[in-house]
Amino acid sequence: MIKTVITLAIYVHALFGGIGLIAGTLSVITKKGSLLHRKSGKWFVIGMLLSSGISLPIACMPGHINPFLFLIGLFTIYMVVVGKRALRYKFRKNKVARLDWTITIAMFCISIVMIFCGGLLFEQVSVLYIYFGIVGVVLCISDYRFLRNPHKTRNTWLVQHIGKIMGAYIASVTAFLVAGLSISGVAIWIIPSFFGTALIIYYIKKVRRTSPRPEVN
């Protein structure tokens with residue numbers, strides 16, 4: 001019975017992960033701000049939250065216990081939620097919510113735990129714990145700067161949105177390569193982030209070339 005439940009959960013997890021990957025790809029390649037971009041972005045958020053949410057209990061089930069994948073699930077949820085919530089700061093009337101600070105502090109603690117775990121383990125996966133832990137700390141520092149003044153420029157919210165959502169998209173691509181194509185090795189977890197980071201930098205620079213004047217609405 002338990003084995004059947006686990007198998008079903010894995011299939012549902014993969015289904016929503018596939019939806020997130022397809023929707024995310026559409027969101028990346030379509031014109032930003034267009035109807036298709038917004039619709040595909042919405043489905044990306046839904047797909048990734050459900051897929052990552054389901055991955056958490058799976059990583060705790062008998063025969064599938066995997067602390068690293070559990071933490072990566074939390075990591076992905078964090079990026080999706082923060083990327084989505086960044087949109088609310090498009091309008092100056094929206095002040096920084098306590099929830100945003102709570103999410104950032106929680107993710108910072110998780111990142112420290114990942115680094116700590118990586119330092120204790122003498123396995124190949126320890127590199128991944130440390131790598132993603134450091135990435136998490138860097139992202140949380142970025143969140144801290146953003147939350148101190150989310151309306152610093154007209155497009156500050158957009159930079160935050162792009163960085164986090166693209167990070168979540170990178171996670172979906174990595175999951176497809178590892179689980180969908182069964183490609184193993186430490187490199188396959190890290191290489192997509194390098195290419196993804198280059199793409200994030202490109203979009204952020206493109207956004208920052210637009211007017212940096214504060215919003216007045």
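**Stop 1: α5 and α6**

This is a predicted model. Start by selecting α5 and α6, which pack at an angle of about 160 degrees with their axes 11 Å apart. Angles over 145 degrees count as roughly antiparallel, and α5 and α6 are therefore roughly antiparallel to each other. In its crossing, α5 passes α6 left-handed.

Now show side chains. On the α5 side, pick Leu 139, Ser 142, Asp 143 and Phe 146. On the α6 side, pick Thr 156, Trp 157, Gln 160 and Lys 164. These residues make the contact. Colour by class: the contact of α5 with α6 has 3 nonpolar, 3 polar and 2 charged residues.

**Stop 2: α1 against α6**

The crossing of α1 past α6 is left-handed.

Which residues of α1 meet α6? Select Leu 21, Gly 24, Thr 25 and Val 28. Their partners in α6 are Met 166, Tyr 169, Ser 172, Val 173 and Phe 176. By class, the contact of α1 with α6 holds 6 nonpolar and 3 polar residues, and no charged ones.

**Stop 3: α3 and α4**

Hide the previous pair. Select α3 and α4, whose axes come within 11 Å and cross at roughly 155 degrees. α3 and α4 are therefore roughly antiparallel to each other. Their crossing is left-handed.

From α3, the contact takes Phe 68, Leu 71, Ile 72, Leu 74, Phe 75, Tyr 78, Val 81, Val 82 and Arg 85. From α4 it takes Leu 99, Asp 100, Ile 103, Met 107, Ile 110 and Met 114. How many of these residues are nonpolar, polar and charged? The contact of α3 with α4 has 13 nonpolar, no polar and 2 charged residues.

**Stop 4: the cavity**

Rolling a probe the size of a water molecule over the atoms shows where empty space is left. The count comes to 1 cavity of 30 Å³ or more. The largest cavity has a volume of about 80 Å³.

Select its lining: Val 82, Arg 85, Ala 86, Tyr 89, Asp 100, Thr 104, Asp 143, Phe 146, Leu 147 and Gln 160. Two or more lining residues come from each of α3 (67–85), α4 (98–120) and α5 (125–148). α5 gives the most, with 3 residues. By class, the lining of the largest cavity has 5 nonpolar, 2 polar and 3 charged residues.

Some names return from earlier stops. Val 82, Arg 85 and Asp 100 line the largest cavity and also take part in the contact of α3 with α4. Asp 143, Phe 146 and Gln 160 are in the lining too, and they belong to the contact of α5 with α6.

**Stop 5: the second largest pocket**

Finish with an open space. The second largest pocket holds about 1000 Å³. Its lining counts 32 residues. Which of them lie nearest its centre? Select Lys 32, Gly 33, His 37, Leu 158 and His 161.

Then colour the helices around the second largest pocket. α1, α2 (35–58), α6 and α7 (187–208) each supply at least two lining residues. α2 gives the most to this lining, with 9 residues. By class, the lining of the second largest pocket has 14 nonpolar, 9 polar and 9 charged residues.

Methods. Residues numbered from 1 in each chain as written. Predicted model: local features only at pLDDT ≥ 70, side-chain atom pairs only at ≥ 80, totals over all residues. Heavy atoms only, no water. Left-handed = near helix turned anticlockwise from the far one by under 90°. Helix = DSSP H or I, 4+ residues; strand = E, 2+ residues; numbered from the N terminus. Contact = heavy atoms within 4.5 Å. Nonpolar A, V, L, I, M, F, W, Y, C, P; charged D, E, K, R; others polar. 1 Å grid on protein atoms, 1.4 Å probe; cavity = no way out; pocket = protein on both sides within 12 Å on 5 of 7 lines; lining within 4 Å. Points joined across faces, edges and corners; volume = space filled by probe spheres on them. Axes fitted to C-alpha atoms, helices over the stretch in contact; angles between N-to-C directions. Parallel < 35°, antiparallel > 145°, perpendicular 65-115°, else oblique.
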